[in-house]
Amino acid sequence: MDKNLRDGASRLSKFLDARGANAPVPPADVLARTITYADVQAYPDYFILGPGQAVASTTDCGHGYNLTDGCPNCGTDD
Ligand SMILES: [Zn+2]
């Protein structure tokens, strides 16, 4: 990997870490129940980049995918 690309990747990683750390936190009632695809769509920074990622990546969307996997069936009825 050349230096410019590596520097860019490092900046992107820091940017995403900061975005996750500063993500708006969903309301307590959302966090208290099993999260859904809609919750991940509503709070993507929290559930994909932030502290909710651990939960989202182990929660089944109902089609056999985890909520961070980009299920092809979820969201088709939007
Ligand atoms: Zn799904």
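A salt bridge is a side-chain nitrogen of Lys or Arg within 4 Å of a carboxyl oxygen of Asp or Glu. The structure examined here is a predicted model, in which local features need pLDDT of at least 70 and side-chain atom pairs count only at pLDDT 80 or more, whereas totals for chains, interfaces and linings use all residues. Residues are numbered from 1 along each chain as its sequence is written, and side-chain values use heavy atoms, with hydrogens and water left out.

A search of the whole structure finds 3 salt bridges. Side chains of opposite charge can pair when their charged atoms come close. One of the bridges joins aspartate 7 to lysine 3, with the closest N and O atoms 2.8 Å apart. These two residues are 4 residues apart in helix 1, so about one helical turn separates aspartate 7 from lysine 3. Helices here (H or I, at least four residues) and strands (E, at least two) are DSSP runs, numbered from the N terminus. Accessible areas come from the Shrake-Rupley method with a 1.4 Å probe, and for residues only the protein chains shown count as cover. By this scale, aspartate 7 is partly exposed at 30%, while lysine 3 is exposed at 54%.

Another bridge is formed by the side chains of arginine 19 and aspartate 45, at 2.8 Å from N to O. Arginine 19 belongs to helix 1 and aspartate 45 to helix 4, so this pair ties together parts that are 26 residues apart in sequence. Arginine 19 is partly exposed, with a relative accessible area of 38%, and aspartate 45 is buried at 17%. A further bridge links aspartate 39 with arginine 33, whose closest N and O atoms are 2.7 Å apart. Here aspartate 39 is buried, with a relative accessible area of 7%, and arginine 33 is partly exposed at 39%.

Leu12, Phe15, Leu16, Ile48 and Leu49 make a nonpolar surface patch of about 420 Å². Patches are made of residues with over 30% relative accessible area and no salt bridge; like charges are joined within 9 Å, and nonpolar side chains (Val, Leu, Ile, Met, Phe, Trp, Tyr) within 5 Å. At least two residues of the nonpolar patch come from each of helix 1 (3–21) and helix 4 (44–49), and helix 1 gives the most, with 3 residues. Leucine 12 has its place in helix 1 and is partly exposed, at a relative accessible area of 47%.

Alanine 18, found in helix 1, is partly exposed at 36%. Between the C-alpha atoms of alanine 18 and phenylalanine 47, which are 29 residues apart along the chain, the separation is 14 Å. Glycine 20 is also in helix 1, but this residue is buried, with a relative accessible area of 2%.

Attention now turns to the zinc ion. Which residues are its protein donors? They are Cys61 (SG), His63 (ND1), Cys71 (SG) and Cys74 (SG), at 1.9 to 2.4 Å from the ion. Donors are N, O and S atoms within 2.8 Å of the metal (3.2 Å for Na, K and Ca); water is not among the atoms, so sites may look incomplete. The arrangement is tetrahedral because the 4 donor atoms subtend angles of 105 to 117° around the zinc ion. Four donors count as tetrahedral if all angles lie between 85 and 135 degrees. Along the sequence, the donor residues follow the spacing C-x1-H-x7-C-x2-C. Cysteine 61 and cysteine 71, 10 residues apart, both lie in the segment after helix 5 (53–56). Cysteine 61 counts as buried at 18% relative accessibility, and cysteine 71 is likewise buried, at 9%.

Threonine 59 is also located in the segment after helix 5, and it counts as buried at 11% relative accessibility. A polar atom of the threonine 59 side chain lies 2.7 Å from the backbone oxygen of valine 55.

Methods:
Tetrahedral: all angles 85-135°; square planar, octahedral: opposite > 155°, others 65-115°. Buried < 20%, exposed > 50% of the residue type's maximum accessible area, 1.4 Å probe, protein only. Polar contact = N/O pair within 3.5 Å; in protein donor to acceptor, adjacent residues only side chain to side chain.
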